[in-house]
Amino acid sequence: MNRRMMFAVLTVCAVTAPGCSDRLAHMQEQLAGKWELESRTLPDGTVLRKPEISGVFSWQPIDSRKAHVTLNMLVDSGGEKPRTFDFAASKYEISTSAITRSRYLLIRQGYRSSFDAPITIYHKAKVEKGKITLEDGMIRITHERGYSEEFRGEQMVASFPDVFVDKWKRVR
């Protein structure tokens, strides 16, 4: 590569890199904090609220590109359905258009619970890729299996098609 071409490439990288870093840092600021579940709407229109359902979602930035994310969820809808509990701990890595979730721990109760094994622990890492977009002040994250999260100010909506729509509010 000749010197002029190398200089041009280095100049473009030097000029655009701070913009990407600033954009990612801004996205992290919008995502950071503790979010509390307000309600879950099921496909049949049923709306669950406390005490039937509760949840806490935490996004803690490590740097402009990475964050530790945890999710605690408790569903106790009563009736014949068993109570379920989920705790997931992951590391998210974002770029200007892509996101990778590396889940390193998942603890569940209720899905496959039995008298002998009331809690299931998944400690095998699981990696999922997705897309992240920033548009009109809203951050939208879409994951491979259709799950998505939309962050706008102090509100977040998480949805899984034909399963649920969750409404969250930032509390810190």
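Predicted model: local features only at pLDDT ≥ 70, side-chain atom pairs only at ≥ 80, totals over all residues.
Not counting residues up to four places away in sequence, phenylalanine 151 touches Leu31, Trp35, Phe57, Gly137, Met138, Ile139, Ile141 and Met156. Met156 comes up again in the strand pairing, as phenylalanine 151 stands opposite methionine 156 in strand 11.

Strand 10 (residues 148-152) pairs with strand 9 (residues 138-143) in the antiparallel sense, over five bridges. As an example, arginine 140 has glutamate 150 in strand 10 as its bridge partner. Four residues lie between strand 9 and strand 10 in their hairpin, and in the turn glycine 146 has a positive phi of about 100°. Strand 10 also pairs with strand 11 (residues 155-160), again antiparallel and over five bridges. Here the hairpin has two residues between the strands, and glycine 153 takes a positive phi near 60°.

Which residues other than glycine have a positive phi? Aspartate 136 is one of them, at about 50°, and aspartate 162 is another, near 65°. Aspartate 136 is in the loop between strand 8 (126-135) and strand 9, while aspartate 162 is in the loop between strand 11 and strand 12. Are they buried or exposed? Aspartate 136 counts as exposed because its relative accessible area is 68%, over the 50% cut-off. Aspartate 162 is exposed too, with a relative accessible area of 75%.

One more backbone spot: lysine 50 and proline 51 are joined by a cis peptide bond, with omega about 5°. Proline 51 is in the loop between strand 2 (47-48) and strand 3.

Last stop, leucine 74, in strand 4 (residues 66-75). With a relative accessible area of 29%, leucine 74 falls between the 20% and 50% cut-offs, so we call it partly exposed. Beyond its neighbours within four places in sequence, leucine 74 is in contact with Glu52, Ile53, Ser54, Arg83, Thr84 and Phe85.

How values were computed
Residues numbered from 1 in each chain as written. Heavy atoms only, no water. Pairing = 2+ DSSP bridges. Buried < 20%, exposed > 50% of the residue type's maximum accessible area, 1.4 Å probe, protein only. Contact = heavy atoms within 4.5 Å.
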